[in-house]
Amino acid sequence: MKTFPQPGAITLLVVILITCLALFLFQKIIWLVVPLLLSLMVYYCVRPVMRTLVIRGMQHETAAKLVWLVLQLMAATIVFAGGLLVVAKAGTWQNEILRYVAGGQTLLRETAGALERAVPLFQSMNLGTQVDQNFAQFTDRFAEKKLLPVFLQSLKWLPFLLLVPYIIYFMLNDSVRLKKYVIRSVPNAFFEKSLLLFSRLDTSLQNYFQGLLLLTLLDTTCLGLGLEILGIANAIWLGLAAAVLAWIPYLGSFIGCIMVVLVAATDHPESARTAYSCLALFLGVRLLDDFVFLPLTIGRKLSIHPVLTVLMLFLGGMVAGATGLVLALPLFGVIAVTGEAVSQVVTDRKLRTRYQAARQLVLSREIV
Amino acid sequence: MLAMSLDKPDTMRFFGADMNAQKFEMLKNIPIFHELSRKEILEVDELLHERVYDTGEIVFDEGDPGHGVYIIVSGKLRADPSHRLLKNTVLDFGPGELMGELSLFDEAPRTAKVIAIERTVTVALFQAEFSSLLLKNKNIGVKVLVEIARTLSRRARQLLLQEKHLPSL
């Protein structure tokens, strides 16, 4: 999304402030923000399919209904299959999680032991004992203290996710009319430029969301294949979960990596090397992601300076906790582009003069 | 009368029928949409932006990058070109006339300043949306393109014969 030039220092400060304010507000209506973001992502990904149907002769509304119906069928199948899986495993999930946590503990203990043997300083520090103590503290009543709140929170979210199909249907069917409605409120002087910027913003958002999906697909393929070669069970699903988690900047990748390593350590307790190989694979894919896939897929996404990225993550975390961490970067990106577009339109001296002249005309007519 | 539906206050019509009979007639009477069926006009209407200009208001300025064509529904617009070749042209555009049609094919700067000399209602078709229309519905695209080509060739012929004509801006 490098459609617009980089904002100046003051614009940047304003964008950061607005992002923080928006994050604070969004935290209060997170039940609406997340379905909206999900809907936007799905909408931009299925829009080309709908366009193809229209180009092949289908009416716009029929194409929108068909695409929406197929999406609903897919979602229903996934929810149904997922539900069946959850019901089937309901009795064992707590033990399964504890088994993976224990697998992680064994790996840590072995690593600490190896480090103690290799570096005498670690031995004098009782590294192994300390790791054991910290781990025992962390896992004490793990399911009750850590998993239950997460599970209950997820249940609270389910009803709001029902908004997603409704929003997608609205966007597929009425986005053109919505655009017309928004543009109608723009004064004549700014009309053409606003329309142009609106069109560019729309294209950029489409590129961004489609790029993100393609990136997830590439990540899933690389991780899935790598894990399969290393002999990890359910390799593709693990790869997919890690790739989706990577949507949360930094933190998501970290959680994904821990998850993959825990599974490897538990499934192959006899060989710590497998777990380390998974770690290496994960780091390799991340590097590939940053230097090859990302420029290829989301090449035109917002170019945010790394320092600013970290700053926004900290600010997002401070202002809106976990929600802020997830939303900080996409929100900053959207506000930066929109702010830049609006400032381009509003600060155009020629257009402003024309707008003021038109206002004078209206005022003088009213006086007469 | 044609502009009546456009003069009404705007209402949010996301889920309702967007087109009434009066508006259909209004669009049907515009030469470039003359050949379109009701269904096709409904489709084109989705892409048209209605703009109302007060007397003396500038529609676009000479040198502005052109991003779309304006079709006059009611009222009158006057071109004020600085180029000497355009000095002999008819400078007033009335209902049904196209203005800025060249920008549908390139984004070259506008060749004249255009001002509303009376309250004027226009519908604007943006270049990007016109391109997507050509892709989405070739039938409509061809019909509209033929009408635009007719207008362009008529104006070009008049220019060659040095007759009074409306300029392509």
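This is a predicted model: local features need pLDDT of at least 70, side-chain atom pairs count only at pLDDT 80 or more; totals for chains, interfaces and linings use all residues.
Residues are numbered from 1 along each chain as its sequence is written, and chains are lettered from A and ligands numbered from 1 in the order in which they are written.

**View 1. The open sheet of chain B.** Four strands form an open sheet in the order S2-S7-S4-S5, with antiparallel pairing. Strands and helices are DSSP runs numbered from the N terminus, strands (E) of at least two residues and helices (H or I) of at least four; two strands pair if DSSP finds at least two bridges between them.

**View 2. The helices of chain A.** Chain A contains 14 helices and zero strands. Its C-alpha trace spans about 90 × 50 × 35 Å along the principal axes. Of its 368 residues, 26% count as buried, that is, with 20 or more other C-beta atoms within 10 Å of their own C-beta atom, placed from the backbone.

**View 3. The side of chain A that touches chain B.** Here 23 residues of chain A are in contact with 20 residues of chain B, a contact requiring C-beta atoms, placed from the backbone, to lie within 7 Å. Helices H2 (30-55), H8 (163-184), H9 (191-229) and H14 (349-367) of chain A each give two or more residues to this side. H8(A) gives the most, with eight residues. The residues of this side of chain A divide into 12 nonpolar, two polar and nine charged; Ala, Val, Leu, Ile, Met, Phe, Trp, Tyr, Cys and Pro count as nonpolar, Asp, Glu, Lys and Arg as charged, and the others, Gly among them, as polar.

**View 4. The crossing of H4(A) and H11(A).** The axes of helix H4 (residues 93-118) and helix H11 (residues 251-267) of chain A come within 8 Å and cross at roughly 85°. Axes are lines fitted to C-alpha atoms over the stretch in contact, and angles run from 0 to 180 degrees between N-to-C directions. H4(A) and H11(A) are therefore roughly perpendicular to each other, a term covering angles of 65 to 115 degrees. Residues making the contact include A:Tyr100 and A:Leu107 of H4(A) and A:Leu262 and A:Val263 of H11(A).

**View 5. The packing of H2(A) against H9(A).** These helices pack at an angle of about 95°, with their axes 9 Å apart. That makes H2(A) roughly perpendicular to H9(A). Among the residues making the contact are A:Leu40 and A:Tyr44 of H2(A) and A:Phe209 and A:Leu213 of H9(A). The residues of this contact divide into seven nonpolar, two polar and one charged.

**View 6. The nonpolar cores.** A nonpolar core is a set of buried Ala, Val, Leu, Ile, Met, Phe, Trp, Tyr and Cys residues joined through C-beta atoms within 7 Å. The largest has 64 residues, and those with the most contacts inside it are A:Leu23, A:Ala328, B:Val59, B:Ile71 and B:Met99. Helix H13 (residues 306-346) of chain A gives the most to this core, with 16 residues.

Notes. Two residues are in contact if their C-beta atoms, placed from the backbone, lie within 7 Å. A residue is buried if 20 or more other C-beta atoms lie within 10 Å of its own, exposed if 12 or fewer, and partly exposed in between; C-beta atoms are placed from the backbone. Angles under 35 degrees count as roughly parallel, over 145 as roughly antiparallel, 65 to 115 as roughly perpendicular and the rest as oblique.
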